[in-house]
Amino acid sequence: MADNKVIVSDDAQQKHPELIEMIMKTESMNDEERQYWVDLLPIMTPEQVQNLYDILDNERKKLAEIDSYYSQKVEDIEKAEEAERIEKARKEKMEQLENAEEANEAQEKELESKLMAELDDL
């Protein structure tokens, strides 16, 4: 199996498929380091294999936690920004309504004044 320029023997792939997948997906290694660990697998003791698995699994879990934490933070920020946009739009709409109401009242007063003036002329 060749992945990201890393060569994995069929034997290693058959004996440690999950560990090989973890090695290939880890963000903490480059291809050279991946190849080193893949090449070392056949001579590692079961305890060493388990330790490597535990280290990579812990890394994966911690990165998932970090991703989840920051995803939630981004979502919270986006919600707050959306709430601010809604509040700003609501305030602008209220100002427009108040301005329209004031303009209407001014027109009504002007019309009232004209009507009163016409009545006075009668």
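Tyr36 is partly exposed, with a relative accessible area of 47%. Partly exposed means between the cut-offs for buried (under 20% relative accessible area) and exposed (over 50%), using a 1.4 Å probe and protein chains only. This is a predicted model, where local features need pLDDT of at least 70, side-chain atom pairs count only at pLDDT 80 or more, and totals for chains, interfaces and linings use all residues. Residues are numbered from 1 along each chain as its sequence is written, and side-chain values use heavy atoms, leaving out hydrogens and water.

**Aromatic pairs**

The whole structure holds two aromatic pairs. Rings of Phe, Tyr and Trp (its six-membered ring) pair if their centres lie within 6.5 Å; planes under 30 degrees apart are stacked, over 60 edge-to-face, and the rest tilted. Tyr36 and Trp37 form an edge-to-face pair. Tyr69 and Tyr70 are also edge-to-face.

| Pair | Centre to centre | Angle between planes |
|---|---|---|
| Tyr36 and Trp37 | 5.3 Å | 80° |
| Tyr69 and Tyr70 | 5.0 Å | 85° |

Trp37 is partly exposed at 27% relative accessibility. Tyr69 is partly exposed too, at 45%.

**The nonpolar core**

A nonpolar core is a set of buried Ala, Val, Leu, Ile, Met, Phe, Trp, Tyr and Cys residues joined through side-chain atoms within 4.5 Å. The largest one here has 15 residues. Val8, Leu19, Ile20, Ile23, Val38, Leu41 and Leu56 touch the most other members. Helix H2 (17-25) and helix H4 (46-121) each supply at least two residues of this core. The largest share, five residues, comes from H2. Helices are DSSP runs (H or I, at least four residues), numbered from the N terminus.

Leu19 touches Leu41, Val49, Leu52, Tyr53 and Leu56, leaving aside residues up to four places away in sequence. Contact means heavy atoms within 4.5 Å.

**Around Thr26**

Thr26 sits in the loop between H2 and helix H3 (31-40). Thr26 is buried, at 5% relative accessible area. Its side chain makes a polar contact of 3.0 Å with the side chain of Ser28. Another polar contact, of 2.2 Å, joins the side chains of Thr26 and Glu59. A polar contact is a pair of N or O atoms within 3.5 Å; within protein, one must be able to donate a hydrogen and the other to accept it, and residues adjacent in sequence count only if both atoms are side-chain atoms. Thr26 touches Arg34, Leu56 and Glu59, not counting residues up to four places away in sequence.

**Ser113**

Ser113 lies in helix H4. Ser113 is partly exposed, at 47%. Ser113 and Ser28 are 85 residues apart in sequence and 81 Å apart in space, C-alpha to C-alpha.
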